[in-house]
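Hi,

Here is the model I promised to pass on. Have a look at it first, and my notes follow below.

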Amino acid sequence: MVSVPRLVIAAPASGSGKTTVATGLMAAFAERGLAVSPHKVGPDYIDPGYHALATGRPGRNLDAYMCGPDLVAPLFAHGASGCDLAVVEGVMGLYDGASGQGELASTAQVSKLLRAPVVLVVDASSQSRSVAALVHGFASWDPEVRIGGVILNKVASDRHEALLREALDESGLPVLGVLRRAPQVATPSRHLGLVPVAERRTDALDAVRAMGDRVREGCDLDALMALARSAPDLSGAAWEPEPYPRPEVRPVVAVAGGAAFTFAYAEHAELLTAAGAEVVVFDPLHDEKLPTGTAGLVIGGGFPEMYAPELSANEPLRTAVTDLALSGAPVAAECAGLLYLARELDGRPMCGVLDASARMSERLTLGYRQAVAVADSVLAVAGTRLRGHEFHRTVLEPGAGPTPAWGLHQPERRVEGFVQGGVHASYLHTHWAAAPEVARRFVERCRG
């Protein structure tokens, strides 16, 4: 049984202030000395970085599309083990999920899977009495979703607050907080969302501290904690990676990190470690060689397009990566990693492992995908089916090699990515908790 107090922070629409409220709550409760477990609904990599700053614990994703609904509660229990409180930040609007698939992967579905009360964050900047109709609609849409209260955001004045509270008195839902407009707390964004923590750590710490201050001053933390404690116990065991039976044989798996490669799910490193690897993080912006004894390489997502000059200038590391790949060692690259292995990115020389050229584009490629492995690789056998997510504003030409990595079946049929030697490179982000055999197969290949 899992008995961690928990809250889901949701909103009627994107841009309402979920991240500010969720991160602020995490920081405010952590300042009280509580162990707070941070979670994010969906595939987002950036918000969990701010959550981690607020709590001192890894931010973890709960994605019912990529991992399946049955894994949501076990993954939550894994992350929240031993904590006093869990705060789950939602995605988009409360009832928005995977396109054309009903409630799948929505915040509403996750709240039901976790049996967690929902706090609705409402942008009240352009309304007064209408807020009651909005909240009533969201609270009554799905009787299985329990909305336990409202936090009003972007409130203009005392008079505005009074009008909003008077309207919500008729809804039967308590107002658990009121936040005034405060643009100084805003965090900078660019083409794929917020700027990651690793690129602005000092400023990000200040922003998280300011979010915590706003929430502490504007929200009833005691009432929110009481609501969190009203969540019933969850049945079932926590997710755990299956340990490799021979821990004495531990190949080094180098994992790219630093400001250019910030997209990673915490469970990936845990799965690699459980499979028997020694995981060592390195920074392609600064390290001129791979970790000593590297037997395999994982290069995840991030923003290499923002650091193309610096990545290109680090020629010693590019050469080391190329040599490792040409040796046949296992290399797994997702999105940013794919671009780094290409011949060039926006005209800047990259590793040249793949005979392809990448450039920035005006078009955003975004969405869930169904994928099937086209050929045997270091990650999967041909025919393996996984669900993933694409999230980039770059174009790779060609988009697939002679042996593609994946055949995609949603929204259109196409092949993409590269399998050559020990290299598996693709735009597709996947969550290995849904297919732990991926990590085991990769580490086994590292053993040679």
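Is Tyr45 buried or exposed? Tyr45 is buried, at a relative accessible area of 11% (buried is under 20%, exposed over 50%, partly exposed in between, with a 1.4 Å probe and protein chains only). Before the rest, the ground rules: this is a predicted model, with local features needing pLDDT of at least 70 and side-chain atom pairs counting only at pLDDT 80 or more, while totals for chains, interfaces and linings use all residues. Residues are numbered from 1 along each chain as its sequence is written, and side-chain values use heavy atoms, leaving out hydrogens and water.

Now the aromatics. Rings of Phe, Tyr and Trp (its six-membered ring) pair if their centres lie within 6.5 Å; planes under 30 degrees apart are stacked, over 60 edge-to-face, and the rest tilted. By this rule there are seven aromatic pairs. One of them is Tyr45 with Tyr265, stacked at 4.5 Å centre to centre with 25 degrees between the planes. The two sit 220 residues apart, Tyr45 in the loop between strand S2 (36–41) and H2, Tyr265 in the loop between strand S10 (252–256) and helix H9 (266–274). Helices (H or I, at least four residues) and strands (E, at least two) are DSSP runs numbered from the N terminus. Tyr265 is buried too, at 4% relative accessibility. Phe263 and Phe303 make an edge-to-face pair, because their centres are 5.4 Å apart and their planes at 80 degrees. Both Phe263 and Phe303 are buried, and together with Tyr45 and Tyr265 they form one aromatic cluster.

Helix H2 (residues 47–55) is mostly covered, with seven of its nine residues buried, including Tyr50, His51 and Leu53. Gly56 follows H2 and has a positive phi near 75 degrees.

On to the packing. A nonpolar core here is a set of buried Ala, Val, Leu, Ile, Met, Phe, Trp, Tyr and Cys residues joined through side-chain atoms within 4.5 Å. The largest one has 115 residues, and Leu114, Leu152 and Leu272 touch the most other members. A second, separate core of 39 residues includes Ile299 and Leu339.

A few backbone spots to check:
- The Glu397 to Pro398 peptide bond is cis, with omega near -5 degrees; Pro398 is in the loop between strand S17 (385–397) and strand S18 (406–408).
- Met92 is not a glycine, yet its phi is positive, about 50 degrees; Met92 is partly exposed at 37% relative accessibility.
- Asp346, also not a glycine, has a positive phi of about 50 degrees.

Cheers
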